[in-house]
Structure formats: structure tokens, C-alpha cells
Number of protein chains: 2
Amino acid sequence: MKSRSTSRSRRAPPLGLALDPSSSEPLHRQIGEQMRRAILDGRLKPGTRLPSSRVLAQDLDCARGTVVLAFDQLVAEGYVVSQAGSAMSVAANLPDEMLTVPRTGSPLQRSAVAKPAVARRTRALLAEASPPVPAGPPLAFPTGQPDREAFPFALWAKLLEREWRRPGIEAASAAHPFGHAGLREAIATYLGVARGFTCDPGSVVVTAGIRHGLSLFAEVVLDAGDQAWIEEPGFVGVREALATSGIDAVPVDIDESGFSPEAALALAPDARLAVVAPAHHFPLGTVLGLQRRLELLSWAECTRGWIAEDDFDGEYRYSGRPLPPLRTLDRSGRVAYFSSFSKLLFPALRLSFLVLPASLVEATERIMDRVSVRAPLLGQGALARFIAEGHFATHLRRTRQLYAGRRETLLREAARHLDGLLTIAPDPGGMHVIASPVAKLAPRFDDVAVTAAAAEAGLTVQPLSVCYAGRARRHGLILGYAGTPEAEIERALVKLRDVVLTAVTPSRESRSPLLQTKLGQSREQ
Amino acid sequence: MKSRSTSRSRRAPPLGLALDPSSSEPLHRQIGEQMRRAILDGRLKPGTRLPSSRVLAQDLDCARGTVVLAFDQLVAEGYVVSQAGSAMSVAANLPDEMLTVPRTGSPLQRSAVAKPAVARRTRALLAEASPPVPAGPPLAFPTGQPDREAFPFALWAKLLEREWRRPGIEAASAAHPFGHAGLREAIATYLGVARGFTCDPGSVVVTAGIRHGLSLFAEVVLDAGDQAWIEEPGFVGVREALATSGIDAVPVDIDESGFSPEAALALAPDARLAVVAPAHHFPLGTVLGLQRRLELLSWAECTRGWIAEDDFDGEYRYSGRPLPPLRTLDRSGRVAYFSSFSKLLFPALRLSFLVLPASLVEATERIMDRVSVRAPLLGQGALARFIAEGHFATHLRRTRQLYAGRRETLLREAARHLDGLLTIAPDPGGMHVIASPVAKLAPRFDDVAVTAAAAEAGLTVQPLSVCYAGRARRHGLILGYAGTPEAEIERALVKLRDVVLTAVTPSRESRSPLLQTKLGQSREQ
């Protein structure tokens with residue numbers, strides 16, 4: 001801190017001011033800001049007479065008008081008062097206790113320093129180890145990442161431009177809480193053609209991601225503390241969304257036919273909502289069997305329970321035929337249907353939707369009128385045109401072929417390069433597969449540790465174990481292939497082989513200290 | 001419901017099927033869907049032999065391939081099995097209790113029908129009266145609505161097009177949780193030039209509205225159940241954001257110098273956060289005095305409390321000079337600064353930002369890694385260019401002049417047309433004014449009722465009383481003028497005069513029954 005004597009010297013910068021003419025900040029602001037600080041720091045005491053603007057301008061080598069501007073501002077702010085004539089002085093009515101130097105005894109310091117600086121939950125979060133972050137751009141194998149090159153951005157840019165050069169009232173202002181009317185119409189039409197069910201555009205809600213939609217739906221149908229069944233393992237976003245709405249999520253182990261309503265009832269007979277992904281379970285890819293579907297619908301109908309059907313990647317299926325969505329079998333209006341565009345088009349779009357049962361439309365409108373979070377409007381008009389003009393269907397057809405090729409390459413190359421380490425169950429749909437350790441490696445395979453080691457090698461994989469709400473029954477790696485060019489796949493698998501080999505080698509010497517720590521940590525969880 | 005005999009008749013539509021060739025739904029889907037329903041409804045019993053595809057095609061007058069496609073799908077779904085030869089029958093292994101007809105005694109119906117259909121809070125919401133909705137497009141006097149014509153949409157559309165025709169990895173993929181790097185840079189630069197404080201772009205978080213930002217900030221620094229001071233009256237979004245994060249908001253009456261830290265301490269000495277709008281209080285327009293500012297900063301410094309500074313419309317000031325933001329005086333890093341682009345540019349943009357104290361950057365990154373809600377990315381790159389290329393400053397300059405003119409017209413015309421009814425305190429900044437009833441009308445002036453009556457007359461005004469968390473101390477009308485063309489203002493004021501006259505007329509006969517109900521309801525609150 002500069003002493004006050006400095007500011008008294010004529011040839012030193014007056015008042016301790018030092019101007020930077022190269023700064024983007026105007027000189028008058030620099031002067032004002034520095035004087036303000038000098039006053040608040042106590043370097044300029046209340047009542048101190050200030051040099052005249054002429055003198056100060058001369059000393060600072062700037063225009064007098066610049067100093068006058070700065071003084072005007074300080075006067076307006078109450079830091080400086082003008083005396084008889086044009087002389088200025090620091091305001092006398094800035095009592096010491098108002099300055100930021102702490103004093104004892106003031107009522108403002110009654111509840112003293114011992115308070116924690118941030119929330120306890122924040123401190124707990126900071127105490128955890130950082131999540132692993134890959135070094136380079138994630139080429140192989142990010143989950144839920146579509147191909148970046150496949151999307152027709154030039155066309156998209158044109159649609160955006162067309163939408164925004166003369167936007168209608170709806171586009172530019174706050175639209176219906178459910179989103180852009182044209183987009184909701186386009187979604188309803190598309191669902192009729194592609195997913196086999198008809199719905200009223202009025203029941204379509206555009207949301208900012210599936211979590212947003214699920215949390216909203218849960219708030220409409222459940223009260224805080226109510227129970228909901230979720231799939232175990234499952235999408236972590238489901239747990240997060242329900243937690244946001246204060247819902248008690250009960251994980252129900254899935255088996256080879258998927259979610260079991262009977263097991264669910266045994267665990268939590270009073271649950272009022274089931275959240276399931278019948279077409280393609282995340283992450284295991286299981287298809288919910290027909291009998292289970294009927295059981296679930298029957299439960300919802302008889303108990304007036306609700307079903308949230310997550311059809312997040314039902315569009316990608318490379319062999320066999322998909323079962324139609326649960327929603328098509330729902331005769332009593334208990335199923336809300338959820339899907340997303342972000343994984344199909346590009347993640348920054350961040351647009352998903354849900355189709356409400358007709359009986360909930362009014363209640364949901366009321367709730368959304370009070371809730372701030374809405375889906376971003378900016379892309380909704382362009383997306384409506386993208387769907388309505390047929391580009392969406394074209395894009396799905398093209399990427400279905402592209403991803404089928406990548407999936408085949410991945411399965412073929414994995415059989416070669418991961419032989420004896422990991423096996424991949426060929427999931428007939430979706431955008432990822434699961435690589436599981438072979439039986440003899442399973443006892444010492446820690447998927448969190450392998451994920452961290454893979455990240456250090458520039459690979460993005462996801463551990464299967466974190467998809468479990470409770471204790472992980474299986475470890476494995478989720479490999480997303482949709483965003484990974486075929487040319488990358490083999491190279492990445494060779495790297496992954498080395499990573500896995502190192503991670504499961506029993507000799508401790510071959511492991512990095514970091515890896516050992518991580519292995520230890522995650523085993524304890 | 002059709003009887004089974006219908007489906008046996010050769011000339012009637014077989015199996016009760018009725019195809020609609022004009023539907024956008026392909027014929028094979030229509031066949032499949034209708035047969036599925038017939039099976040589930042019990043109209044087609046398990047084991048029933050189905051007509052051959054040739055016969056069915058003939059009866060339905062469609063191609064045989066269409067029927068084969070439908071059968072294939074039903075077989076894949078398990079509804080239909082193919083027998084010896086090519087004959088098809090309804091699957092026998094669809095036990096009756098799996099169908100949606102309720103049976104008693106099944107474990108699935110254990111917890112029976114008495115359950116409520118939707119959440120209690122939803123039922124409560126539905127029981128409330130609908131909020132008034134104006135008939136036409138809201139020309140006069142919506143709050144927080146900028147002028148629709150003033151924004152350069154053609155330029156904006158070009159920037160969007162430029163951003164998206166060849167997007168970088170950051171634009172197309174999920175970016176940093178704090179938002180687009182270029183936009184955060186542009187915001188930091190702009191704040192330095194226009195608001196007088198420097199900040200690191202790394203501490204700027206782009207959010208989906210001020211509520212989103214405030215709720216996020218509250219979660220970083222406070223635990224559920226902690227107390228926060230809020231201004232009374234104040235922006236309802238502040239209360240909602242804090243409620244979302246489980247924070248106990250304590251309303252503190254503001255006086256002519258704004259928020260009083262001493263009054264706040266007397267009410268809730270253990271509060272850990274103060275949410276204030278120092279530059280321009282919403283809705284009253286009060287400017288927080290310098291001494292109060294210093295007291296507040298001193299409190300935060302000594303008790304390690306936090307200040308959320310809402311600078312939502314600090315850009316609009318038509319006379320006098322604004323005080324610099326609290327953040328410029330914050331030497332100990334206790335102030336988070338909040339502002340928004342939606343009110344300055346156009347509402348659909350839905351982009352706001354907050355500037356974190358440096359010490360909270362890491363914790364906030366960690367929290368956002370786990371939280372789904374992010375600001376929409378689609379417009380962030382275009383907005384970065386809009387700011388960096390100087391269009392933002394130009395737009396602010398232009399709208400400042402435009403709104404100053406509208407404000408002047410409103411004050412002048414209101415003095416003529418509302419004379420003896422409402423008086424307007426000339427707020428030197430912002431985008432709205434408050435019209436208060438003259439003393440003799442105040443006892444029978446109900447701003448909620450007047451708002452409802454105004455909506456029926458096609459006018460959008462907001463009641464001051466709803467800005468109070470507790471009992472409203474004042475009634476008045478918030479009149480937003482920024483989005484109201486000057487030519488509209490006089491016309492709208494004449495209408496408003498009639499609305500107010502009718503509403504405050506003591507004779508009951510002149511009021512509509514709806515209005516009487518609403519008056520009664522809101523008085524009771």
C-alpha cells in the first residue's frame with residue numbers, strides 16, 4: 001500500500017494515481033476508480049482538500065476535461081464534495097465505520113467471522129477428486145455424442161438465418177411455455193409417422209434436455225417425498241432430475257427382460273411413477289419385453305400411477321424391428337413420452353421434448369407459468385423447418401447407415417484387439433456398446449480407474465459402475481461409437497488395449513501412483 | 001366396441017380393421033396398430049387363427065406386401081405367432097392377467113385405486129383462479145419488454161448464419177459449463193468499458209436468465225435452510241430462485257435509500273446472503289445510497305457473507321449519473337454481479353450472466369458439472385460477435401434515446417389523462433414507471449383487480465402488490481413503456497383511465513361479476 005506522503009509530492013503521480021493510456025478503460029474512469037479506492041482505503045481521509053482539476057490534469061499529462069469528468073462522477077457518487085469556488089474535497093460525511101476497514105462493536109459485525117465461506121455441500125464437492133478430463137479433443141469413444149461432420153450445418157445456418165431475419169412475434173418474444181408452436185406441430189407429425197402414435201401438438205412440451213422434462217413431469221404428478229421406480233443401472237440424469245424435484249427414487253434391478261414391475265412392487269409398493277427406457281435401456285441396451293410392458297401399463301391403470309417412457313435413442317436400430325413405444329399401448333393416459341434432439345443432431349442444440357398425457361396439459365401449463373426454466377427458443381423455429389421440410393428424416397437415414405458401419409468396425413476390431421481382455425455384447429441399437437472384462441479379469445477390473453487411465457491416454461470412455469445408484473453389480477466400459485470416425489476406431493482400440501493391460505496387471509510397479517490412488521478410491525466406494 | 005362377429009364377416013372390414021388411405025400413417029402401420037388393439041382389448045383372443053395375408057389384403061383392398069409387413073411387425077412384437085405353413089394366429093402365451101383389463105388379486109393391483117392422480121401442489125395450483133390474459137398482442141404496457149422493432153434482426157440473422165455454417169467444436173458440442181468462451185470474453189471486456197470493473201472472463205458464467213444464475217449462486221454459497229435477505233418489495237424471480245435452492249428468503253422493507261443492512265440484521269442476524277438491486281430497485285426504482293453500499297460491503301467482509309448484485313436494467317438511465325456497481329467497491333471478493341441480455345435485446349434470447357467472485361470459480365465449475373441446466377448455446381457465438389463488433393453499444397445508445405422519448409411521452413400524457421386518478425413518480429432510469437392511486441382513491445384501489453380489468457380491455461399492466469413477499473404496503477400499476485410505441489401510449493392511457501374509473505367507482509352495479517370476485521379474492525390475500 002502506498003503511503004499518503006506519495007500523494008502529496010508534486011512530481012510523483014498525484015494522489016497515488018497512475019494512468020495507463022494503452023488501457024481500453026477511458027482515462028477519466030481510471031482517475032475516478034483510483035481516487036475512489038484511495039478514499040475507501042483511507043489513503044485519502046474525509047475532508048482532505050483535493051488539487052484543482054487544472055493542476056491534476058497537468059500532473060497527469062491529460063486534458064483538464066478528463067479530470068473534470070472524473071470529479072463530476074465522484075461528486076455524483078458522494079465521495080467528493082465541491083466547496084466554495086471550484087475547490088474539491090473528500091466528503092466529510094463518510095464516517096469511518098462505513099468504510100470497509102472492520103471495526104469491532106458495530107452492529108454490522110455482531111455475528112462475527114466464524115461462518116463458513118461456502119455451502120457445506122460445495123465444500124464436500126471440492127474435497128472430492130477431480131473427474132478425469134481427456135487431454136485432447138474426444139475422438140473415441142464419447143457417449144451420447146453424434147458425429148460432428150454428419151450434421152448439415154450449412155443448411156442449418158440458412159434455416160436459422162431465414163427464421164431470424166424477420167422473426168414473428170412468437171419467435172422474438174416469450175412464446176407459449178411449452179415452446180414454439182411450429183416445432184410442437186412438427187414433432188407431433190413426426191411421432192405419428194416415425195414412432196406410430198398420434199398426439200395433439202398441444203400436449204408436446206419442448207424442454208431443455210430430458211432431465212428438465214422429467215423433473216417438470218415429476219413435479220406435476222408427484223409431491224416431494226413420493227417414491228418413483230428407476231432402472232438399476234440407469235441414466236444418472238434420471239436420478240438427478242428426480243432429486244431436483246424432491247422425489248425418492250427407488251432403484252429396481254433390471255434383468256434380461258428389462259425392468260420388472262413385480263420386483264419394483266416388492267421393493268416399493270407405494271411408488272407412483274415408473275421411469276423406464278423400454279425401447280433401449282441405458283446403458284445395457286435391453287429391450288423391455290411385451291409382457292413386462294403390459295404389466296407396467298396395467299399397474300399404472302389400476303393404481304393411477306404414471307409412467308415416464310424415455311425413448312432417447314429409439315431411432316437407431318440396426319437389426320430386427322423395434323417394439324412400438326409404450327405410449328402406443330396406453331389407453332388410459334398414464335404414459336408421458338420423452339425424447340431428445342441433442343443426441344440425434346448436435347449437443348449444443350439442447351432441445352428435447354415430452355408428450356404429456358392429455359389430462360395433464362392444463363396442470364403443466366400452470367406449473368410452467370410459474371417456473372423460470374424453459375427450453376431455449378432460438379433454435380426452435382429452425383428445427384421446426386428442419387423437421388417439416390424432411391431434413392430430419394434424411395439425417396436420421398444417413399446417420400443410421402454411418403453409425404451401423406462404425407458399430408460393425410468397432411465390433412470387428414474389438415474382437416481382434418481386445419481379445420482376452422474385454423468382450424462386447426453386440427447391442428442391436430443405440431450409439432454405444434458395453435465392453436465387459438473377461439471372467440478372469442473381472443475381479444481386478446475397476447472401470448473408474450480404467451476410465452481415468454484411458455483419459456490420460458486421450459481416450460474418452462465411461463465407467464458402467466457409475467450408472468448404478470447402489471453398489472455396482474458389474475464393471476465395464478461404455479464405448480460410444482457414433483461420434484468416432486471409422487479410421488479412428490482401430491487406433492483407439494489399440495490404445496485402449498494398452499490401458500487395460502496396464503490397469504489390470506497385478507504387479508504394482510507398472511502402475512502410476514495416480515492410478516493406484518484412483519484404483520484405491522473407487523474400490524472403497 | 002365392435003363385437004367379434006364383425007371380424008368374422010367376410011364383407012365387413014375383416015378383424016374390425018378400417019384403413020384410412022388419406023392418413024399420413026402408412027397402411028401397414030394402420031393394420032398393425034389396429035390388430036394390436038384388438039388383441040389387447042380381448043376382441044382377438046389368444047390362439048385365434050388369423051386370415052391369410054392374401055385374403056386380408058383382398059378384403060382390405062391393399063397390396064399383400066402391406067399385410068405381410070404388418071404381420072412381421074406383430075410377430076416381432078410377440079403378439080402374433082406363425083404356425084405350421086404360413087398361417088398366423090394370436091399368440092397363446094399372452095396370459096389374461098397380462099392384458100390391461102384389471103383383475104383383482106394380482107400383485108400388480110395390490111395398492112388399489114384410491115391414490116390421487118396428480119401431486120397435491122398441482123391440485124392446489126389448478127384450484128386457483130386463472131391469471132388474467134390480455135386478449136390481443138400486448139402493446140401497452142408490458143414490463144421488461146424491449147421494443148420489438150428496434151433490434152437489428154437482419155444483422156442478428158447474419159451473425160447466426162456466420163456462426164453456424166461452419167461451427168467450431170465448441171459451438172457444436174457441449175462447451176464449458178460456464179458458456180461460450182468468446183461470449184465470456186466479450187462480456188468481460190464490455191463490463192470493463194461500460195460498467196467500470198475489470199473481471200477475468202473465467203469468472204463469467206452465462207446463464208439461462210437471472211433466476212437460473214441466482215439459484216446456481218445460492219447453491220454454491222448456501223446450504224438448504226440458510227437465510228438470505230431480499231428486498232421487500234422486489235422481483236418475484238428472486239424469491240422463486242431462492243426457493244428452488246431451498247433457501248429461506250427474509251424480506252426486508254426498503255426505504256427511500258433502498259435496502260437497509262441494519263434493518264436486515266435486526267430481522268435475520270444470521271443471514272448469509274443479501275440479494276439487492278443497488279443501481280435501480282425493482283420495481284420502485286430506488287438507488288441504494290453510498291453509505292448503505294459501504295455498510296453492506298462491510299457486513300459481507302466481516303461476516304464472510306455474500307452479496308448478489310442484480311444490475312438488470314442499469315444500462316437505462318435518462319438523467320443524472322449512475323453510481324458504479326457495488327462490485328467495483330468490492331475489495332474482498334464477496335459480490336457476485338448479475339445482469340441479463342434478454343431485456344436489452346429480445347426476450348427469446350434468454351441469456352443472462354453472472355460474474356463470480358474469483359474464489360468461487362472452481363466450486364461453481366464443479367457444481368455445474370453435475371447440474372443439467374445450462375444457458376442455451378445456440379445464440380452465444382452470435383451474441384459474442386454482436387458485442388465484440390460494437391453492435392451492442394450501438395443498440396443500447398439507440399434504445400436509450402428511443403425509451404427516453406417514450407418515457408417523456410408517457411409522463412406527459414399520464415399527467416393529462418390520469419389526472420386525479422393516478423400519479424407517476426418520475427423514475428430517472430429503467431424501462432417502466434409506477435402509477436400510484438391518488439390519496440383519496442388509495443383505500444379502494446386494488447391493483448390486482450385493476451390489472452384484470454385492464455387485461456380485458458387489451459392492456460397489459462402489472463400490479464405492484466404482487467412484488468411483496470408479505471402483505472402489500474402499497475398498491476399501484478407497473479407500466480412498462482420500452483416496448484410501447486409513442487403513438488400507442490396516449491390511446492392506451494385513455495383506455496386505462498376508463499378501466500381505473502370503473503374499478504374504483506363505489507357503485508357495485510357498474511362492476512362485472514368477474515371483477516367483483518377478483519377484487520374480493522385479492523383483498524383477502
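User: Which residue in strand 13 of chain B is the bridge partner of B:Q462?
Analyst: This is a predicted model, in which local features need pLDDT of at least 70, side-chain atom pairs count only at pLDDT 80 or more, and totals for chains, interfaces and linings use all residues; side-chain values use heavy atoms, with hydrogens and water left out. Residues are numbered from 1 along each chain as its sequence is written, while chains are lettered from A and ligands numbered from 1 in the order in which they are written. Strand 12 (residues 462-463) of chain B pairs with strand 13 of chain B in the antiparallel sense over two bridges (strands are DSSP E runs of at least two residues, and helices H or I runs of at least four, numbered from the N terminus; pairing requires at least two DSSP bridges). Within that pairing, the partner of B:Q462 is B:I478.

User: Are B:L477, B:I478, B:L479 and B:G480 buried or exposed?
Analyst: In a regular strand, side chains alternate between the two faces of the sheet. In strand 13 (residues 477-480) of chain B, B:L477 and B:L479 lie on one side, with B:I478 and B:G480 on the other. Buried denotes under 20% relative accessible area, exposed over 50% and partly exposed in between, using a 1.4 Å probe and protein chains only. Both faces of the strand are covered, and these four residues are buried.

User: Why do strand 3 and strand 5 of chain A each have one side without a neighbour in the sheet?
Analyst: The open sheet of seven strands in chain A has mixed pairing and the order 3-9-8-7-6-4-5. Strand 3 (204-207) and strand 5 (248-253) of chain A leave one side of each without a neighbour because each stands at an edge, with a single partner strand.

User: Which residue in strand 5 of chain A stands opposite A:E231?
Analyst: Strand 4 (residues 227-232) of chain A pairs with strand 5 of chain A in the parallel sense, over six bridges. Opposite A:E231 is A:V252.

User: At about what angle does helix 10 of chain A run to strand 4 of chain A?
Analyst: Helix 10 (residues 236-244) of chain A lies across strand 4, strand 5 and strand 6 (273-276) of chain A. Axes are lines fitted to C-alpha atoms, for helices over the stretch in contact, and angles run from 0 to 180 degrees between N-to-C directions. The angle to strand 4 of chain A is about 165°.

User: Which residues does A:D427 contact, leaving aside its neighbours within four places in sequence?
Analyst: A:D427 is found in the loop between strand 10 (422-424) and strand 11 (432-437) of chain A, and its 7% relative accessibility means that it counts as buried. A:G285 lies 142 residues away in sequence, yet the C-alpha atoms of the two are 6.0 Å apart. With contact taken as heavy atoms within 4.5 Å, the partners of A:D427 are A:H280, A:L284, A:G285, A:R407 and A:H432.

User: Which residues have the most contacts inside the largest nonpolar core?
Analyst: A nonpolar core is a set of buried Ala, Val, Leu, Ile, Met, Phe, Trp, Tyr and Cys residues joined through side-chain atoms within 4.5 Å; the largest has 144 residues. B:W156 is in contact with residues of both chains, among them A:W164, A:L378, B:F151 and B:F346. A:W156 is one of the buried residues of helix 6 of chain A. The residues with the most contacts inside this core are A:W156 and B:W156.
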